[in-house]
Amino acid sequence: MPERSLAVPDGLDGERVDAGLAKLLGLSRTRVAAIADAGGVQVDFRPAGRSDRLHAGGLLSVVWTDEQPHEAIPAIAVPDLRIVHDEDDFVVVDKPAGVAAHPSPGWSGPTVVGALAAAGFRISTSGAAERAGVVHRLDAGTSGLMVVAKSEHAYTVLKRAFKDRTVQKVYAALAQGHPDPTSGTIDAPIGRHPKTDYRFAVVADGRPSVTHYATVEAFPAATLLEVHLETGRTHQIRVHLAAERHPLVGDTMYGADPVLAARLGLTRQWLHAQRLGFDSPATGEWVQFESAPPAELADALTRLAR
């Protein structure tokens, strides 16, 4: 049963317990919240809840039970997971919707990490155990390109590249209505939604977030956009477009019209990671990969044009 006792560093003064401990311990915020809910977190010898605030210099004590290792998901569980590129240091996959990047509390479906492990791929062990090899993520409901580190060297290099914003991430996104201007930049901080923990929102004290978009094709009820991410916040494209009153078609969590989604046969947000480029961890040379939107998204465009 792991146990940690340490003083709260100055940099975490005022942070919520779940957010601060996630940074300190390298665990997911959801995992830390569960530990706090189970009474495993104390500050100055008093139980602390997930939303309590840390104070610099406070004595922090955390006790938790190791989670059981996640069983590998058989490769057949994700038949549409396509290997786009594979070499010694990394593997690039084309992830279908309905597949999470990695195991997490509350998710019982297939994962990219589980499918790769079951198929015999070596995966880096760097990072938190449940996110081994994962240097960036796509939402379970978003399809498209992901790179997973196979070597520890690749994990370090790619993680730094994403942090330094030297990775090219381009998405195809179908937004409701017609954004004005037709091309532009959304620069607005993103953080946890003040009322709903599982959603995100544009909030004054959020993390800096920048999204560039350009119109590809306008339809009567929606607009196909090419989106370039400068930062990589959770739900960033979904949150930024919803804040502009142009939520992604099918994204009912962020205010999309369910009637339009039903008419187009969509059960998830119309969002696809179509281009991914970065410096190869092995050679330093620029590599780039592309993926066309899957059949259900292409079919939605066809219906929209009628």
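The secondary structure of this protein comes to seven helices and 15 strands, taken as DSSP runs (helices are H or I with at least four residues, strands E with at least two) and numbered from the N terminus. The model is predicted, so local features need pLDDT of at least 70 and side-chain atom pairs count only at pLDDT 80 or more, while totals for chains, interfaces and linings use all residues. Residues are numbered from 1 along each chain as its sequence is written, and side-chain values use heavy atoms, with hydrogens and water left out.

Here are some totals for the protein, with contact meaning heavy atoms within 4.5 Å and areas from the Shrake-Rupley method with a 1.4 Å probe. Buried means under 20% relative accessible area, exposed over 50%, and partly exposed in between (1.4 Å probe, protein chains only).

| Item | Value |
|---|---|
| Buried share of the 306 residues | 49% |
| Share of contacts with a separation of 6 or more that join residues 24 or more positions apart | 63% |

Now to helix 2, which covers residues 29–37 and has Arg31, Val32, Ala33, Ile35 and Ala36 buried. Just after helix 2 comes glycine 39, with a positive phi of about 85°.

Methionine 253 sits in the loop between helix 5 (236–243) and helix 6 (258–263). Methionine 253 counts as partly exposed because its relative accessibility is 34%. Beyond its neighbours within four places in sequence, methionine 253 is in contact with Tyr198, Arg199, His235 and Arg238. Alanine 242 lies 11 residues from methionine 253 in sequence, and their C-alpha atoms are 9.9 Å apart.
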